[in-house]
Amino acid sequence: MHELIIAIIAAVVVVGGGGGTGLVVRRRRRGQAPLRRPGPVGPAAPGRPAATTPSATAPPASPAEAEAPGPGAAPSAGVAEAEPPAEAAGSATEVPPGERPRLGERLGKARALLGGYLASVRARDRVDETTWEELEEGLILADVGAEVTASILQELRGKAKASGVDSPDALIELLRNDLVERLSADRTLHVEPDATNVWLLVGVNGVGKTTTIGKLGLRVRAEGRSVVMAAGDTFRAAAADQLASWADRVGADLVRGNEGGDPGAVIFDAVQHAAARGADLVLADTAGRLHTKVNLMEELKKVRRVAERPPGHVAEVLLVLDATTGQNGLTQAKQFADAVGVTGVVLTKLDGTAKGGIALAVQTELGIPVKLVGVGERPEDLIDFDPAEFVDALVDAPSGA
Ligand SMILES: Nc1nc2c(ncn2[C@@H]2O[C@H](COP(=O)(O)OP(=O)(O)OP(=O)(O)O)[C@@H](O)[C@H]2O)c(=O)[nH]1
Ligand SMILES: [Mg+2]
């Protein structure tokens, strides 16, 4: 306990630099030094104050922020923090890589479910119709969906026959390889050089868009890229406040508008702001009203069009799906894909009661790769989707894991 208190005091002294350094780190000019890319990916250590240019409208969290210049030169959404263009937004590269959780450690229910069925398949001494029934039931209950399950099993039957596989273990190995193959895709998160890149985060209410932007911000900052966050969810003031606290933590500028304001204007201003600062990336939050309401989709289309206006370039449209909603996610993905052209899925809450099979369904049925997965609420709980690790976690799980 005693050592803990000393360690905390030491950390505060180092981080705070004796009181004034925090301000210097946060506001120091860095010019247009070339950014390290693509560097090691990792989040900031929790609580570490990465260099930041806080939002003019976010409530000041420290005296450093209170002294920041006001929104004198703020654009029409009235929001971006004004700073001399010579300073790239959030351009510091001091966010150290951190430890990320492994996917296999976090997959809860998904493992237990399919694992239970596969254990039962393995326990039998041959492959017969019961084997196929168990595989079908396991995959469907794991949220893979009836159609995809049928196609997996059809292919598996063909492969098993062709290679003369008749033991349950060998069949499960075939299944493992088939699932990994189905999940193989290009998962690059694109950043175009010499452009003001925009990553648009879309998805229905509560799926984890804003949290994912925060987590993504940390990753991207750790790669040495400079970030502007755009609070495109103007339906609730609290949404922008939530993003403001992430922006502050991550060391990103924040552009926000008034409650009920035009989301397109916020995105437009964020792109202008990013371009003026030479920032690499705009992470744009959007509202998540019910996807069945046509006006949300129309609004998102507009936001996308605005974001594409030069110098803006929409490099990614990331659909955030809550993995616990199962097959419902597929319907959502179809609608968002039709409206705004989704380039990748972020599957959140895989640590919860999610069964995980939706990853297969989305990629197989819609051809949209799952690029990232959320496995918890901590900043570092966003990891690359690794198909082999994901499938191993499902297939090798002991019954009741
Ligand atoms: N367990 C777990 N919780 C998560 C994960 N991602 C987000 N959450 C939680 O889900 C809740 C909703 O997250 P938000 O980021 O506010 O979701 P949103 O999509 O922005 O929601 P709206 O702004 O209402 O549309 C929060 O409590 C998050 O902490 C995850 O990967 N795992
Ligand atoms: Mg939100």
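**Around ligand 1: questions and answers**

Visitor: Which residues are the closest to ligand 1?
Guide: This is a predicted model. In it, 20 residues surround ligand 1. The closest of them are Lys 209, Thr 210, Thr 211, Asp 351 and Glu 377.

Visitor: How far is an oxygen atom of ligand 1 from an N or O atom in the side chain of Glu 377?
Guide: Polar contacts are pairs of N or O atoms within 3.5 Å. Thr 210 has a polar side-chain atom 2.8 Å from an oxygen atom of ligand 1. The side chain of Asp 351 places an N or O atom 2.8 Å from a nitrogen atom of the ligand. For Glu 377 and an oxygen atom of ligand 1, the distance is 2.6 Å.

Visitor: What share of the area of ligand 1 does the protein bury?
Guide: Start with the ligand alone. It exposes 660 Å². Of that, the protein buries 80%.

Visitor: Which element gives the largest share of the shell around ligand 1?
Guide: By class, the shell has three nonpolar, ten polar and seven charged residues. Four residues of the shell come from one helix, the largest share. That helix is α9.

Visitor: How many residues of α9 are buried?
Guide: Helix α9 spans residues 209–222, 14 residues in total. Buried means under 20% relative accessible area. By that cut-off, α9 is mostly covered. The buried count is 13 of 14.

Definitions and conventions. Residues are numbered from 1 along each chain as its sequence is written. Chains are lettered from A and ligands numbered from 1 in the order in which they are written. This is a predicted model: local features need pLDDT of at least 70, side-chain atom pairs count only at pLDDT 80 or more; totals for chains, interfaces and linings use all residues. Side-chain values use heavy atoms; hydrogens and water are left out. Helices (H or I, at least four residues) and strands (E, at least two) are DSSP runs, numbered from the N terminus. The expected span of a helix is 1.5 Å times one less than its number of residues. Buried means under 20% relative accessible area, exposed over 50%, partly exposed in between (1.4 Å probe, protein chains only). A residue is near a molecule or strand if one of its heavy atoms lies within 4 Å of it. A polar contact is a pair of N or O atoms within 3.5 Å; within protein, one must be able to donate a hydrogen and the other to accept it, and residues adjacent in sequence count only if both atoms are side-chain atoms. Accessible areas come from the Shrake-Rupley method with a 1.4 Å probe; for residues, only the protein chains shown count as cover. Ala, Val, Leu, Ile, Met, Phe, Trp, Tyr, Cys and Pro count as nonpolar, Asp, Glu, Lys and Arg as charged, and the others, Gly among them, as polar.
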